[in-house]
Amino acid sequence: MDSKFEKFIRLTESSNDHEALSALRYAQNLCIKNGVNFSDFIINSCNGAHS
């Protein structure tokens, strides 16, 4: 899940607002499907725990 999730997170930084929002929604749904708390995953990713 990490690599797919990280791809979506990178896309949230797109200058295209529609693409960025869509990527954020996919990342959130991916977390829900895998029983992962979205906020915790973001925090851990920022701290390098999922690199």
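Residues are numbered from 1 along each chain as its sequence is written, and side-chain values use heavy atoms, with hydrogens and water left out. Because the model is predicted, local features need pLDDT of at least 70 and side-chain atom pairs count only at pLDDT 80 or more, whereas totals for chains, interfaces and linings use all residues.

**Exercise 1. Overall make-up**

Determine which secondary structure elements the chain contains, and what percentage of its residues count as buried.

Step 1. The chain has three helices and zero strands; helices (H or I, at least four residues) and strands (E, at least two) are DSSP runs, numbered from the N terminus.

Step 2. Read from the N terminus, the order of elements is α-α-α.

Step 3. Of the 51 residues, 18% count as buried, where buried means under 20% relative accessible area, exposed over 50% and partly exposed in between (1.4 Å probe, protein chains only).

Step 4. Among the contacts with a separation of 6 or more, 44% join residues 24 or more positions apart; contact means heavy atoms within 4.5 Å.

**Exercise 2. The packing of α1 and α2**

Describe how the axes of α1 and α2 are arranged and which residues make the contact.

Step 1. The two axes come within 7 Å and cross at roughly 155°; axes are lines fitted to C-alpha atoms, for helices over the stretch in contact, and angles run from 0 to 180 degrees between N-to-C directions.

Step 2. This crossing angle makes α1 roughly antiparallel to α2, a term for angles over 145 degrees.

Step 3. On the α1 side the contact is made by Lys4, Phe5, Phe8, Ile9 and Leu11, and on the α2 side by Glu19, Ala20, Ala23, Tyr26, Ala27, Leu30 and Cys31.

Step 4. These residues divide into 10 nonpolar, no polar and two charged; Ala, Val, Leu, Ile, Met, Phe, Trp, Tyr, Cys and Pro count as nonpolar, Asp, Glu, Lys and Arg as charged, and the others, Gly among them, as polar.

**Exercise 3. Ile42, Glu6 and Arg10**

Locate Ile42, Glu6 and Arg10 in the helices and classify the accessibility of each residue.

Step 1. Ile42 belongs to helix α3 (residues 38-46) and, at 25% relative accessibility, counts as partly exposed.

Step 2. Beyond its neighbours within four places in sequence, Ile42 is in contact with Phe5 and Ile9. Ile42 and Phe5 are 37 residues apart in sequence, with 9.9 Å between their C-alpha atoms.

Step 3. Glu6 lies in helix α1 and is partly exposed, because its relative accessibility is 24%. The C-alpha atoms of Glu6 and Ile42 are separated by 9.5 Å.

Step 4. Arg10 also lies in helix α1, but its relative accessibility of 56% counts as exposed.

Note on methods: Parallel < 35°, antiparallel > 145°, perpendicular 65-115°, else oblique.
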